[in-house]
Amino acid sequence: MTLVAEEFLQYVAEEQGHADLLAERIVQLGGKPDLSTERLLIRSHGEHVEGDSLVEMITADLLAERISIDSYRAMIASIGDDDPTTRQIVERIPAQEEAHAENLAGLVRD
Ligand SMILES: [Fe+2]
């Protein structure tokens with residue numbers, strides 16, 4: 001497996017971990033996570049871009065990481081002091097997204 005494929009696979013596992021954290025919190029709050037793929041795509045903050053080359057794929061992923069960082073920051077600001085537990089859970093995520101973005105930016109440069 002190439003270095004980029006290994007990176008992507010690792011990010012997928014970490015993104016899944018973020019989804020699991022948030023879904024678990026929704027359940028703790030008495031909600032039911034909506035995991036319908038169709039509705040997830042509609043509500044997505046980023047756009048799904050296939051990319052014709054490896055550089056295009058990495059660039060699209062880099063953009064998606066930056067959008068997700070902005071979205072998590074907006075969520076944290078929106079939660080404010082209303083729900084410290086949820087806020088602490090969401091605050092753990094952007095650091096990992098920033099590491100993804102930094103690594104992807106490095107791959108694009110190389
Ligand atoms: Fe990420």
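This is a predicted model: local features need pLDDT of at least 70, side-chain atom pairs count only at pLDDT 80 or more; totals for chains, interfaces and linings use all residues.
Visitor: How many helices and how many strands does the chain have?
Guide: Read along the sequence, the pattern is α-α-α-α-α. The count is 5 helices and 0 strands.

Visitor: What does the C-alpha trace of the chain span along its principal axes?
Guide: The chain has 110 residues, of which 11% count as buried. Among contacts with a separation of 6 or more, 58% come from residues 24 or more positions apart. Along the principal axes, the C-alpha trace spans about 45 × 25 × 25 Å.

Visitor: How far apart are the end C-alpha atoms of α1?
Guide: Helix α1 covers residues 3-28. At 1.5 Å a residue, its 26 residues should span 38 Å. The distance between the end C-alpha atoms agrees, at 38 Å.

Visitor: Which residue with a positive phi follows α1?
Guide: The phi in question is near 90°. The residue is glycine 30.

Visitor: Which residues of α4 meet α3?
Guide: The crossing of these two helices, α3 and α4, is left-handed. On the α3 side the contact has Tyr72, Met75, Ile76 and Ile79. By class, the residues of the contact of α3 with α4 are 5 nonpolar, 1 polar and 2 charged. The α4 residues are Thr86, Arg87, Val90 and Glu91.

Visitor: How are α3 and α5 oriented to each other, roughly parallel or roughly antiparallel?
Guide: The axes of α3 and α5 come within 9 Å and cross at roughly 155°. With the cut-off for this class at over 145 degrees, the pair is therefore roughly antiparallel.

Visitor: How many nonpolar, polar and charged residues does the contact of α3 with α5 have?
Guide: α3 passes α5 in a left-handed crossing. The contact includes Val55, Ile58, Leu62, Ile69 and Tyr72 of α3, and Ile93, Pro94, Ala101, Leu104 and Val108 of α5. By class, the contact of α3 with α5 has 12 nonpolar, 3 polar and 6 charged residues.

Visitor: Which residues of α3 are buried?
Guide: A residue counts as buried if 20 or more other C-beta atoms lie within 10 Å of its own. What covers the buried residues of α3 includes α1, α4 and α5. The buried residues are Ile58, Asp61, Ala64, Glu65, Ser68 and Tyr72.

Visitor: Which residues of α1 make the contact with α5?
Guide: The axes of α1 and α5 come within 11 Å and cross at roughly 165°, and the two helices are therefore roughly antiparallel. The crossing of α1 and α5 is left-handed. The contact has Ile93, Gln96, His100, Asn103 and Leu107 on the α5 side, and from α1 it has Val4, Glu7, Tyr11, Glu14 and His18.

Visitor: Is histidine 48 buried or exposed?
Guide: Histidine 48 is in the loop between α2 (37-43) and α3. Its C-alpha atom is 17 Å from that of glutamate 97, which is 49 residues apart from it along the chain. The cut-off for this class is 12 or fewer C-beta neighbours. Because histidine 48 has 8 C-beta neighbours inside 10 Å, it counts as exposed.

Visitor: What does alanine 19 count as, given its C-beta neighbours inside 10 Å?
Guide: Alanine 19 lies in helix α1. The C-alpha atoms of alanine 19 and methionine 57 are separated by 22 Å. With 13 C-beta neighbours inside 10 Å, alanine 19 counts as partly exposed.

Terms used
Residues are numbered from 1 along each chain as its sequence is written. A crossing is left-handed if the near helix is turned anticlockwise from the far one by less than a right angle, and right-handed if clockwise. Helices (H or I, at least four residues) and strands (E, at least two) are DSSP runs, numbered from the N terminus. Two residues are in contact if their C-beta atoms, placed from the backbone, lie within 7 Å. Ala, Val, Leu, Ile, Met, Phe, Trp, Tyr, Cys and Pro count as nonpolar, Asp, Glu, Lys and Arg as charged, and the others, Gly among them, as polar. Axes are lines fitted to C-alpha atoms, for helices over the stretch in contact, and angles run from 0 to 180 degrees between N-to-C directions. Angles under 35 degrees count as roughly parallel, over 145 as roughly antiparallel, 65 to 115 as roughly perpendicular and the rest as oblique. The expected span of a helix is 1.5 Å times one less than its number of residues.
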